[in-house]
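Open the model in your viewer and keep the selection panel at hand. The tour starts with the whole chain and then moves to single residues.

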Amino acid sequence: MSQPPSQPPQGGFGAPQDQPPTGGDGASPDPRSQGGFGAPRSTPPPPAQPPQAPAPQNAPPAGPPQPGYGYPQQPGPYAQPGPYGQPQQPGPYGQPGPYGYGQQPGYGYPPQAPYPGAPGAPGPGGGSKNPFKGKPALVVAAAVAGLLVVGGTVWAVTGGGDDKKPVAEKSPSSSPSVSAPASDAPANPGDGSGDGGEENDDLNAGRKAGEAKVLWYKSAPDAPGSGAEAPGMWITGKTAVKAAYKQLFAFDVGDGKPTWPALTFPQKICAVTPQKTADDKVVIAYMSSSASSAKCNQLQQIDLNTGAKGWTAQIAEGDLFDSTLSVELSITGKTLTVGRSMSGTGYDVASGKKLWDKKKYGTGCYPAGFAGGPKLLAVSSCGAGSSTEHDEVQELDPATGKARWTTKIPKGWRVGHAYSVDPVVLYLTNDAKKTVNITALKGDGTLRSQLKSDDGLAPECGFAILNRDLTGCFGTAADADTVYLPTEAKSGPNEIVAFSLATGKEKWRVKSPGDAAMMPMRTDGTNLIAYVEPSYDSGGRVVSIPTGGGAHTPVKLLQNPAGTANIESGFYSKAVDYVDGRFYISTIRLTGNDEAKEKLMLAYGK
């Protein structure tokens with residue numbers, strides 16, 4: 001479809017307010033949020049009637065309206081029919097959603113704390129990690145939406161422009177260097193020697209029949225007292241690769257020995273591509289310097305199997321207020337997308353050649369988030385501070401950056417996360433109404449369904465301060481017809497609920513077979529692969545749940561040993577994966593606590 005020509009920013013989204021307040025990080029809040037951190041937007045209250053249903057711009061005339069999209073819901077187990085636009089039956093979703101049906105806070109509980117000891121940090125053991133349990137709904141909504149609203153715009157005091165184009169070049173002298181295991185490398189270098197602590201213990205001692213064994217365990221490099229990021233985890237046929245602070249480590253999947261020497265970057269790693277290419281390449285971003293004004297703008301391509309460094313590039317600054325203080329990276333097919341605070345750039349992931357820029361379009365629409373993977377989605381904030389303020393979602397052609405379709409989200413609603421990009425399943429928040437909504441779109445961007453449930457659904461979603469972290473949720477999975485989401489584990493085990501994407505209604509549910517929460521990981525053909533978290537007397541487990549037919553009984557694929565349950569449960573902010581019969585768990589945040597070596601990664605297998 002055709003799009004309006006790009007124009008330079010002219011007020012609107014990202015334009016400074018008169019005497020904007022300044023936060024502790026030197027960045028002013030999003031102009032859409034007034035009256036304090038996480039406060040509702042200062043826009044007029046929504047009309048009594050539901051807003052118009054979003055429809056792709058410049059699209060052919062739509063067919064007859066579909067039930068549920070601004071129309072009364074059909075009778076079902078979780079939505080009693082009622083007057084048009086009025087709340088449904090009281091319950092967890094008893095307030096109107098963006099399309100005329102009942103919703104309320106509880107759909108996707110607030111993010112888990114970024115490090116142990118932080119406000120809301122979970123204690124060891126299994127179960128739900130909801131730091132806001134029992135708190136008023138307003139607090140929950142502010143915690144979820146406030147941070148995301150702040151992430152919509154970066155109020156940088158630096159100029160910019162496109163005079164500095166990112167180009168692929170040979171690695172400069174400040175590029176990552178190869179380093180042998182040193183004092184800041186994992187305490188267990190992978191050769192069987194360690195310098196004390198858990199990695200020297202016999203972690204398989206007392207292992208019971210039927211339990212998996214610990215293949216290897218790695219402690220983390222030293223991090224500054226303020227903490228550090230440990231993003232990403234990539235598994236190839238022979239190598240498990242993990243980033244931590246300034247380094248990238250590669251371990252043999254079977255025995256944990258280094259498959260190539262650790263790479264040390266000049267500055268801390270600030271972003272990675274969650275995905276890898278078909279030939280096992282990733283792109284790492286690291287900071288330009290150690291100064292407080294440093295930018296996350298240095299790119300390095302890495303071969304996961306060999307550790308070889310490919311092309312490098314420096315991300316150009318955008319126009320005024322379009323900063324690289326924080327960026328998001330993703331891979332879709334052969335394209336790397338780099339998202340700044342108000343724009344994005346596409347690169348050929350193999351060569352580093354710049355392909356396209358995604359900038360302002362239409363009436364003050366600024367791209368504020370990207371979600372890659374099977375498809376490439378862009379979320380834009382439009383008309384900030386005006387009576388027409390709203391979000392828009394587009395699917396982009398990864399090769400050209402052009403929009404295949406554009407869908408307008410009703411006023412007052414904001415896209416917080418993409419639970420799935422193919423099919424498209426979006427998590428929406430409404431600050432003013434203190435409510436949330438989960439909406440599925442068709443392949444052309446038109447409405448498919450809205451989920452209806454009496455449960456509090458609880459994927460674990462991370463904090464995003466400067467950018468929207470659209471795909472930063474653990475515990476969601478989807479196939480062509482169904483999305484799978486975990487309920488909140490209020491005490492003990494929870495359930496996974498399968499929702500029809502055609503109707504938004506529950507198809508079936510299954511209870512966790514353990515004493516703790518069960519979280520969807522991914523779909524595998526006709527099965528759902530899920531992780532059952534450890535409890536005080538049992539290790540975690542990986543299960544396969546049949547998604548077709550009438551029985552959905554979890555089948556155990558791997559039972560982790562009870563003897564390491566305390567270590568396994570100590571990965572508070574975590575990434576997990578199950579590949580070729582092995583289960584991997586790693587931290588995504590280092591606390592910088594010097595009292596003991598921190599955990600980095602743990603692998604189980606038969």
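This is a predicted model: local features need pLDDT of at least 70, side-chain atom pairs count only at pLDDT 80 or more; totals for chains, interfaces and linings use all residues.

Take the contacts in the chain with a separation of 6 or more: 55% of them are between residues 24 or more positions apart.

Next, colour by secondary structure. The chain has 39 strands and 2 helices.

Switch to a surface view. The accessible surface of the chain comes to about 23300 Å². Carbon and sulfur atoms hold 52% of that area. Of the 606 residues in the chain, 57% are buried.

Now for the backbone. Most residues other than glycine have a negative phi, and most peptide bonds are trans. The next stops depart from that pattern.

**Stop 1: Tyr245.** Select strand 7 (239–244) and strand 8 (247–252); Tyr245 sits in the loop between them. Check its phi: the value is positive, about 60°, and Tyr245 is not a glycine.

**Stop 2: Phe321.** Move on to the loop that links strand 13 (309–314) to strand 14 (328–332), where Phe321 lies. Phe321 is not a glycine either, yet its phi is positive, at about 75°. Is Phe321 buried or exposed? Its relative accessibility is 13%, and the cut-off for buried is under 20%, so Phe321 counts as buried.

**Stop 3: Asp422 and Pro423.** Select the peptide bond that joins Asp422 and Pro423. It is cis, with omega about 0°.

Note on methods
Residues are numbered from 1 along each chain as its sequence is written. Side-chain values use heavy atoms; hydrogens and water are left out. Helices (H or I, at least four residues) and strands (E, at least two) are DSSP runs, numbered from the N terminus. Buried means under 20% relative accessible area, exposed over 50%, partly exposed in between (1.4 Å probe, protein chains only). Contact means heavy atoms within 4.5 Å. Accessible areas come from the Shrake-Rupley method with a 1.4 Å probe; for residues, only the protein chains shown count as cover.
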